[in-house]
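Here is a friendly walk through one protein model, element by element. Please keep the viewer open as you read.

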Amino acid sequence: MIDDAHAEAFTARYVRLLVTAADGHWLDAAVTSLCGYGTSVIGCDCEIAVERQLLENETPDGRPGAAVLAFGFKAAPLGKAVAKRVGQTILTCPTAAVFDGLPDEADRAALGDYLRYFGDGHERREEDTWVVPIMEGEVSFPATIGVGRGVAGGVLLFCGDDRMKTLSAARQAAEAVRELPGVITPFPGGVCRSGSKVGSRYKPLFASTNEAYCPTLVETVATKLPEGATCVYELVINGTSEQAVRDAMRAALQATANADLLAITAPEFGGKLGKVLIPFCELQ
């Protein structure tokens, strides 16, 4: 069932934010809005999702919290995207706070150094933090946040002849990955139904539908689908290291070892997508 394939992942930059709030309701509100519209750099400013929930003894202020990972191609655009997201979501969300999850990283991006301007001259600097007055009282932001080097694009394709059974397997894989540290699956529910390829016949696009895995195009394109396949779901994994991505892909394969699928494979683009090759044979 598992093909002799390999994922073409690529190096990426990432930030780790620690988000806290007074209770679970406002924490969920904060991270849901922070991570909104953050599935793919094909059309979003970054790929962002919750890494894991944090215990209260793991957060800087002892409150309910979550770790969030955001990925992008380059450090500067990623930092700008994260700062804007924090400004529109964490700054506005009642009781929410944010902390730098990579304080030891030498590469830095502006956060409080950008958000302080909302204080309109009433903000103040306290060591490495900016304090901004708001109608709730005050909110603090680290002046800068660390930017690490990770790997994005660890991909698994789940091919089946029954939509709900295949989707169930993909969901099991996503849930297995969700339990691991250092990785995210940024698509809705962790699963993507519209996998893409590198390039397009339309000049404005640098990615487009991967027709080789579209069931309705079997008769008109050079399909790569196993015989009888009627649907494919994709799992995309981004991680803080290649090892983290490999561990997550392995967990996904183990979680679906007994699933009713025709094949588990990966799209290959001849190195056009990324140079970090992850062979499936090394994950079993």
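Predicted model: local features only at pLDDT ≥ 70, side-chain atom pairs only at ≥ 80, totals over all residues.

## Helix α5

In α5, the buried residues are Ala244, Val245, Arg246, Ala248, Met249, Ala251, Ala252 and Leu253. The helix covers residues 242-255, which makes 14 residues. From its first C-alpha to its last, α5 reaches 20 Å, close to the 20 Å expected at 1.5 Å a residue.

An α-helix has 3.6 residues a turn, so residues three or four places apart point the same way.

## Threonine 89 in helix α2

Next, turn to helix α2, which spans residues 75-89 and holds threonine 89. Is threonine 89 buried or exposed? Its relative accessible area is 8%, so threonine 89 counts as buried, the cut-off being under 20%.

What lies around this side chain? A polar atom of the threonine 89 side chain sits 2.6 Å from the backbone oxygen of arginine 85. Setting aside neighbours within four places in sequence, threonine 89 is in contact with Ala30, Ser33 and Leu34.

## Strand β10 and its partners

Which strands pair with β10? Strand β1 (residues 6-20) runs antiparallel to β10 and is joined to it by five bridges. Here alanine 12 stands opposite glycine 150 in β10.

Strand β14 (residues 231-239) is also antiparallel to β10, with eight bridges between them. In this pairing, cysteine 159 faces valine 232 in β14. Strand β15 (residues 263-265) is joined to β10 by three bridges, again in the antiparallel sense. Phenylalanine 158 stands opposite isoleucine 264 in β15.

## The sheet β6-β7-β8

Now for an open sheet of three strands, ordered β6-β7-β8 with antiparallel pairing. Its edge strands are β6 (124-126) and β8 (137-142), each of which pairs on one side only. From one strand to the next, the twist averages 35 degrees.

How many bridges link β7 and β8? Strand β7, made up of residues 129-134, pairs with β8 over six bridges, in the antiparallel sense. For threonine 129, the bridge partner in β8 is proline 142.

## Cysteines without disulfides

A disulfide is a covalent bond between the sulfur atoms of two cysteines. How many disulfides does the model contain? With a cut-off of 2.5 Å between sulfur atoms, the count comes to zero.

Two cysteines show why. For cysteine 93, the closest cysteine sulfur belongs to cysteine 35 and is 12 Å away, too far for a bond. Cysteine 93 counts as buried because its relative accessibility is 10%. For cysteine 231, the closest cysteine sulfur is that of cysteine 159, at 8.4 Å, which is also too far for a bond. Cysteine 231 is buried as well, at 6% relative accessibility.

## Serine 194 in a loop

Last, look at the loop between β11 (183-184) and β12 (196-198), where serine 194 is found. Is serine 194 buried or exposed? Its relative accessible area is 52%, so serine 194 counts as exposed, the cut-off being over 50%.

How do sequence and space compare for serine 194 and tyrosine 37? In sequence they are 157 residues apart, while in space their C-alpha atoms are 15 Å apart.

Terms used: Residues numbered from 1 in each chain as written. Heavy atoms only, no water. Helix = DSSP H or I, 4+ residues; strand = E, 2+ residues; numbered from the N terminus. Buried < 20%, exposed > 50% of the residue type's maximum accessible area, 1.4 Å probe, protein only. Polar contact = N/O pair within 3.5 Å; in protein donor to acceptor, adjacent residues only side chain to side chain. Contact = heavy atoms within 4.5 Å. Expected span 1.5 Å × (residues − 1). Pairing = 2+ DSSP bridges. Axes fitted to C-alpha atoms, helices over the stretch in contact; angles between N-to-C directions.
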